[in-house]
Amino acid sequence: MEDQTNNNVVFSSDSAFVVRSTRDNKPLNFTLKIQSFSLLKAALTNSKRDRYESHSFDAGGYKCRLALYPNGDVKRNGSAHISLYLVSADDNILSTNSEVNVVFTFLVYDILKDKYLTVQDGKIRRFHAMKTEWGFEKLVSLKTFNDASNGLLVDDCCVFGVDIFVKKYDDGKGEESDPFTVESYRWKIRLYPSGDLQAKPGFLSMFLMFDGSNELPQGSQLYVEYEMAVLSQLEAVPLKRTFDCWFGYGGMKVGRGWGAADFSSLIDLKEPTKGYLLNDTLVVEVKINVISTLKAIV
């Protein structure tokens, strides 16, 4: 997904830096549309509750909910604000010693401009049995939210959403994305923030991994042309590399993952004016342009 962002504002709240911006793209994981905000508030008041929880939804293989405080989470100093939290609803997380690390972004739809206000801090949040929710007690002030000219609450209707990125680690050094599908084949991106064993010191490594090798007939191969990039969050030119390679059955000889051990120097990535690494968040992208299948010769 390519975000179209502008008007970035950074402010400090409870010792954490929060970034607010606008974009065109819809929420990636879940959208909560409230047809009558006043009716929701009245229902919560009548039931002596201060928050509304959405139904559960899936994100990266885990169950989650959104918890909305229409009048603010007073107990956590959220008076006079909309408060919003991401809540773990996964039985495995709640009942065992398991944990999951997540980076998330909340969104509020601007109905008048047909854009989304995004709110994030870029931090990795750890969900486990003792800590089941994270979010923002001061997502947006009620003064701003209730002013119809701002487009967040129009005709008593409002929309919230969330992007969720589950951080998965393969060996303590490399990180893998969730699988995605292109032309019926499954793929992953593997990233080594400090470089893999073949990288030069001070370089980031990135590879495209074929996640469906066992689905190929024995001896078959896939020829793939693709582009991998680290995107700028400040509209600088992306760091791009192009590749062409063969992926084969069982990963034998032709390999299951191809990319670059020396994809980009960490000095370039950390240059603050370029915005590649912003608030400890890195945005990467892969575009697969050509896939050609070579079947086994019998």
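This is a predicted model: local features need pLDDT of at least 70, side-chain atom pairs count only at pLDDT 80 or more; totals for chains, interfaces and linings use all residues.
Me: What makes the count of secondary structure in the protein come to four helices and 21 strands?
Reply: Each run is judged by its length: a helix needs at least four residues and a strand at least two. By that rule the protein comes to four helices and 21 strands.

Me: Why is Y69 called buried?
Reply: Buried means under 20% relative accessible area. Y69 has 5% relative accessibility, so Y69 counts as buried. This residue lies in strand 6, which covers residues 62-69.

Me: How do you know which residues Y69 is in contact with, leaving aside its neighbours within four places in sequence?
Reply: The test is heavy atoms within 4.5 Å. With those neighbours left aside, Y69 is in contact with D50, R51, R76, H81, I82, S83 and Y85.

Me: Why is T144 called partly exposed?
Reply: Partly exposed lies between the 20% limit for buried and the 50% limit for exposed. T144 has 32% relative accessibility, so T144 counts as partly exposed. The residue is placed in helix 3, and beyond its neighbours within four places in sequence it is in contact with N150 and L152. T144 and H81 are 63 residues apart in sequence, with 8.9 Å between their C-alpha atoms.

Me: Why is the phi of D155 pointed out?
Reply: Most residues other than glycine have a negative phi. D155 is not glycine, yet its phi is positive, near 55°. D156 is not a glycine either, and its phi is positive at about 65°.

Me: How do you know how many cavities of 30 Å³ or more there are?
Reply: A cavity is a set of points where a 1.4 Å probe fits but cannot get out. By this rule the count comes to one of 30 Å³ or more. The largest cavity holds about 90 Å³ of space. Of the 14 residues that line it, the closest to its centre are Y62, C64, V100, V102 and F127. The elements giving two or more residues to the lining are strand 6, strand 7 (81-88), strand 8 (99-110) and strand 12 (158-169).

Me: What makes a residue of that lining nonpolar, polar or charged?
Reply: Residue type decides: Asp, Glu, Lys and Arg count as charged, for example, and Val and Phe as nonpolar. Sorted this way, the lining of the largest cavity divides into 11 nonpolar, one polar and two charged residues.

Me: Why is a set of residues called a nonpolar core?
Reply: Its residues are buried, of listed types such as Leu and Phe, and joined through side-chain atoms within 4.5 Å. The largest such core has 36 residues, and those with the most contacts inside it are L86, F145, F160 and I164. Another core, of 24 residues, lies apart from it, with V224, M228, F247 and F263 among them.

How values were computed: Residues are numbered from 1 along each chain as its sequence is written. Side-chain values use heavy atoms; hydrogens and water are left out. Buried means under 20% relative accessible area, exposed over 50%, partly exposed in between (1.4 Å probe, protein chains only). On a 1 Å grid over the protein atoms alone, a cavity is a set of points where a 1.4 Å probe fits but cannot get out, and a pocket is an open set with protein on both sides within 12 Å along at least five of seven lines; lining residues have an atom within 4 Å of a point. Grid points are joined across faces, edges and corners, and a volume is the space filled by probe spheres set on the points.
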